[in-house]
Amino acid sequence: TIIIASVNANSGKIRLVSIMRDLAVPFTNSQGVTKEVKINSLIGRGGVNRVMKTINELFDMNITQYVMVNFASFQKVVDIIGGVEMDITQEEMKEINSSLGEMAKVAGYDQDWYLENRDSLALQTWGAQTHLTGIQALGYVRIRHVGAGDYRRTERQRDLLDAILRKIKNDANILQIMQLF
């Protein structure tokens, strides 16, 4: 997932813009051959600097700072702040619940832990302001088959980031903030 965050220093407002993971971009390999690749593959073809360079060139930007979060740390951030409330459809709830084993695995938990906790991990309700734990939130942002494909997926990612930022701003205590760092 690639999201550009623009922070207005005067107002403190943050705008989030997603770059679609399948965006075809030019890539020149070490032999000097240029071909089109998916932008999300650049992380393995030159790291974050290559991704930022490409985005800067394509969109005439000057991005110099980044934050990289893996699945395990993402899930932990949500759990540190006590979860988040999101509007969840019944279809999304079913997708989240069906992916919990995979989400536990990518978040770094072993199968024994998942099997012991499976029942307590599953969402029991859906609707406005449904409480999500870290693993459930991870499942939510990775949903691919509900709604308008990757467009809806990137919207879910931005919505969740917005919910996390609002919760940190409005509700986080000093212990939680220290744990986040």
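Visitor: How many bridges join strand 3 to strand 4?

Guide: There are 5 bridges between strand 3 (residues 24-28) and strand 4 (residues 34-38), and the two run antiparallel. Strands here are DSSP runs (E, at least two residues; helices are H or I, at least four), numbered from the N terminus, and two strands pair if DSSP finds at least two bridges between them. Before we go on: this is a predicted model, where local features need pLDDT of at least 70, side-chain atom pairs count only at pLDDT 80 or more, and totals for chains, interfaces and linings use all residues. Residues are numbered from 1 along each chain as its sequence is written, and side-chain values use heavy atoms, with hydrogens and water left out.

Visitor: Which residue in strand 4 is the bridge partner of Val25?

Guide: Val25 pairs with Val37, and Thr28 has Thr34 as its bridge partner. In the hairpin, 5 residues sit between the strands, and Gly32 takes a positive phi near 85°.

Visitor: Switching to helix 3. Which residues are buried there?

Guide: In helix 3 (residues 90-98), Glu92, Met93 and Ile96 are buried. They share one side of helix 3, because they cover an arc of only 100° around the axis, going by the directions from the helix axis to the C-beta atoms. Buried means under 20% relative accessible area, exposed over 50%, and partly exposed in between (1.4 Å probe, protein chains only).

Visitor: What do those buried residues pack against?

Guide: They pack against strand 5 (84-88), helix 4 (100-106), strand 6 (127-132), helix 6 (134-141) and helix 7 (149-171), with contact meaning heavy atoms within 4.5 Å. The face turned away from the buried side carries the exposed residues Glu91, Lys94 and Ser98.

Visitor: OK, salt bridges. How many does the count come to?

Guide: The count comes to 10, taking a salt bridge as a side-chain nitrogen of Lys or Arg within 4 Å of a carboxyl oxygen of Asp or Glu. One of them joins Arg21 to Asp150, with the closest N and O atoms 3.8 Å apart. Arg21 lies in the loop between strand 2 (14-19) and strand 3, and Asp150 in helix 7, so the pair ties together parts that are 129 residues apart in sequence.

Visitor: Is Arg153 buried or exposed?

Guide: Arg153 counts as buried, at 7% relative accessibility. Its side chain meets Asp150 in a salt bridge (3.7 Å, N to O). Arg153 and Asp150 are 3 residues apart in helix 7, so about one helical turn separates them.

Visitor: And which residues are linked in a network of salt bridges?

Guide: That network links Glu92, Arg152, Glu155, Arg156 and Asp159.
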